[in-house]
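Here are a few friendly notes to read alongside the model. Please keep the sequence and the 3D view open as you go.

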Amino acid sequence: YRLAESYEIWAPANLIYRPGEQTVKIGGEAINQDTLAAMLTRQSYGKTMRRVDVKIDFKNMLVLNLPAGGSCLHVMEAQRAEIPENSDAQVLMIYPFSRPDLILSHAEGKQPPQAIFGAEPEHNWCYYYQKASLARQNDDWKTISTLGDEVLKLGLNPADASEWMPFYEAYAREKRFDEANLLGGYLRDAPYFINMYCIQFKTDELSSNILNAENRFINENLCPDLLNKE
């Protein structure tokens, strides 16, 4: 099942993040054949749906990806080619335009109204992954490492290997290389993830040589055959 219309996105988003407002403050659109061209060309427009006026601005686009097969919600960003295996092909076309910098990562969290959204779900793998993903926006490696310790202690595992990445990176940056190598093994054993990830970093290095000394360990540990050796 996939989202079909824009109100399935902007309606719950505004109920959570802009409760009490009489107008739509957060626009949203489902990704499909009717909207893909506008996303790729970064269009802006207004529309009326169910007698509600909504402004859509794809110059300020945040791509959220919830693939099939039990994956968690992924906030996509061009700088991290961490593509879940069951991602829709249309997501792969637009994720380079995603702007996670638009998320106010230090803002106070919003509690969704229970009467509409129900009780807080069980703290399963996705709870820890999504908290780690948010912490990574703030380079909060210690918090992510602590979450990773809890995940490993509880024996939790992702449905998609790409979701190990925040924990892998945090352990590496905290110089906890044994734990990083453990998770790196899971990532290297996932062909879809590792091929997509390593191809991007090979291209980035050849085009701009962006990898600093710290990042070289993180990426060479995953992609030893693709990255240039000094």
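This is a predicted model: local features need pLDDT of at least 70, side-chain atom pairs count only at pLDDT 80 or more; totals for chains, interfaces and linings use all residues.

1. Residues are numbered from 1 along each chain as its sequence is written, and side-chain values use heavy atoms, leaving out hydrogens and water.

2. Start with the largest nonpolar core, which has 30 residues (a core is a set of buried Ala, Val, Leu, Ile, Met, Phe, Trp, Tyr and Cys residues joined through side-chain atoms within 4.5 Å; buried means under 20% relative accessible area, with a 1.4 Å probe and protein chains only). W125, F167, Y168, Y197 and L222 have the most contacts inside this core. At least two of its residues come from each of α5 (125-137), α6 (141-154), α7 (165-173), α8 (177-188), α9 (191-208) and α10 (213-222) (helices are DSSP runs of H or I, at least four residues, numbered from the N terminus).

3. A second, separate core has 17 residues, including L36, M49, A81 and V91.

4. Which residue counts as buried at 7% relative accessibility? The residue is T35, placed in the loop between α1 (7-17) and α2 (36-40). Leaving aside residues up to four places away in sequence, T35 touches E29 and A30 (contact means heavy atoms within 4.5 Å).

5. For contrast, look at L66: this residue is exposed, with a relative accessible area of 59% (exposed means over 50%).
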